[in-house]
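Here are my notes on the model, as numbered points. Have the viewer open while you go through them.

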Amino acid sequence: TGSTRAERLLKAVQKNARRGDPQSVISAIDHYCRHSEWAMNVGDEKGSILDSVLSEVSPSCALELGTYCGYSTVRIARLLPPGATFVTVEFNPKYAKVARQVIEFAGLQDKVKLIEGASGDLIPKMKELFGNVTFDFVFLDHWKDRYVLDTKLLEDCGLLRKGSVLLADNVICPGTPEYLAYVRNNPRYKSTYYKSHLEYTKVEDGLEKSVFMG
Ligand SMILES: CCNc1ncnc2c1ncn2[C@@H]1O[C@H](/C=C/CNC(=O)c2cc(-c3ccc(F)cc3)cc(O)c2O)[C@@H](O)[C@H]1O
Ligand SMILES: [Mg+2]
């Protein structure tokens, strides 16, 4: 059968990027998605905002919800301090398979723990899997109607600490209205909106950074 969009994106990485060079993997995906076939990666414009927030936080323990093809996984892993723990969660085995190959091509497999499964099932298991962990940084980029549920789950499972930073993609397009309402009207969060554009387009989108106050 024909390849999927994700598999064609992987082929573009294998063809155009350099093994062990994360920046070349990022550039190859951005070029392919801008000029050949759009895909729902956070992209280069919002990706630069992600990079700057990451550099501020410099997390020793990070979580990503929704790996997809591993584009933001590579963006995050390449900026983490040595020895950091980085967990990314993906429940579609086909996407997980592509993401593992993209992450490996970038040479970042030793920095990334990709766990296959649904966030709702895995979040309550994080303490069991990784010891009494709290996440310094969480990137939300999975199903938009699950951001609030999973944020509450992270709180209830004691996985956030005073100062933990949540960064959410697509708060304008496709949009996450109940998530914005939740973090912006909640005294336990200090939120900032970073205006940008939907990946590879001129459509408005943005990232919401929310600092958990404990
Ligand atoms: C059930 C919730 N828990 C989950 N646990 C683990 N992985 C999950 C989960 N949900 C979804 N996933 C995975 O995350 C990814 C889903 C991401 C959903 N993202 C979007 O819908 C999205 C969509 C757009 C978009 C914007 C404009 C359009 F016209 C069309 C699409 C842009 C984006 O940046 C997006 O992130 C997939 O890999 C999916 O398998
Ligand atoms: Mg997104």
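1. Tyr-200 is in the loop between strand S6 (189–197) and strand S7 (204–212); helices (H or I, at least four residues) and strands (E, at least two) are DSSP runs, numbered from the N terminus. Tyr-200 has a positive phi of about 65° without being a glycine. Buried or exposed? At 11% relative accessibility, Tyr-200 counts as buried, where buried means under 20% relative accessible area, exposed over 50%, and partly exposed in between (1.4 Å probe, protein chains only).

2. Some housekeeping: this is a predicted model, where local features need pLDDT of at least 70, side-chain atom pairs count only at pLDDT 80 or more, and totals for chains, interfaces and linings use all residues. Residues are numbered from 1 along each chain as its sequence is written, chains are lettered from A and ligands numbered from 1 in the order in which they are written, and side-chain values use heavy atoms, with hydrogens and water left out.

3. Ser-58 belongs to the loop between helix H3 (43–57) and strand S1 (61–65), and with a relative accessible area of 40% Ser-58 is partly exposed. For context, most residues other than glycine have a negative phi, and most peptide bonds are trans.

4. On that last point, the peptide bond between Cys-173 and Pro-174 is cis, with omega at about 5°.

5. Now the ligand. Which residues come nearest to ligand 1? Of the 23 around it, they are Glu-90, Ser-119, Asp-141, Asn-170 and Glu-199, with near meaning that a heavy atom of the residue lies within 4 Å. By class, this shell has eleven nonpolar, six polar and six charged residues; Ala, Val, Leu, Ile, Met, Phe, Trp, Tyr, Cys and Pro count as nonpolar, Asp, Glu, Lys and Arg as charged, and the others, Gly among them, as polar.

6. An N or O atom in the Asp-141 side chain is 2.9 Å from an oxygen atom of ligand 1. Lys-144 puts a polar side-chain atom 2.9 Å from an oxygen atom of ligand 1, while a backbone N or O atom of Phe-91 is 3.3 Å from a ligand nitrogen atom. On its own, ligand 1 has 810 Å² of accessible area, and the protein covers 83% of that (Shrake-Rupley method, 1.4 Å probe; for residues, only the protein chains shown count as cover).

7. Two elements give two or more residues to the shell around ligand 1: strand S2 (85–90) and helix H9 (171–175). Strand S2 also holds Thr-88, which is buried with a relative accessible area of 0%. The Thr-88 side chain makes polar contacts with the side chains of Glu-64, at 2.6 Å, and Thr-67, at 2.7 Å.

8. Back in strand S7, look at Ser-210. This serine counts as buried at 0% relative accessibility, and a 2.7 Å polar contact joins the side chains of Ser-210 and Ser-191.

Terms used:
A polar contact is a pair of N or O atoms within 3.5 Å; within protein, one must be able to donate a hydrogen and the other to accept it, and residues adjacent in sequence count only if both atoms are side-chain atoms.
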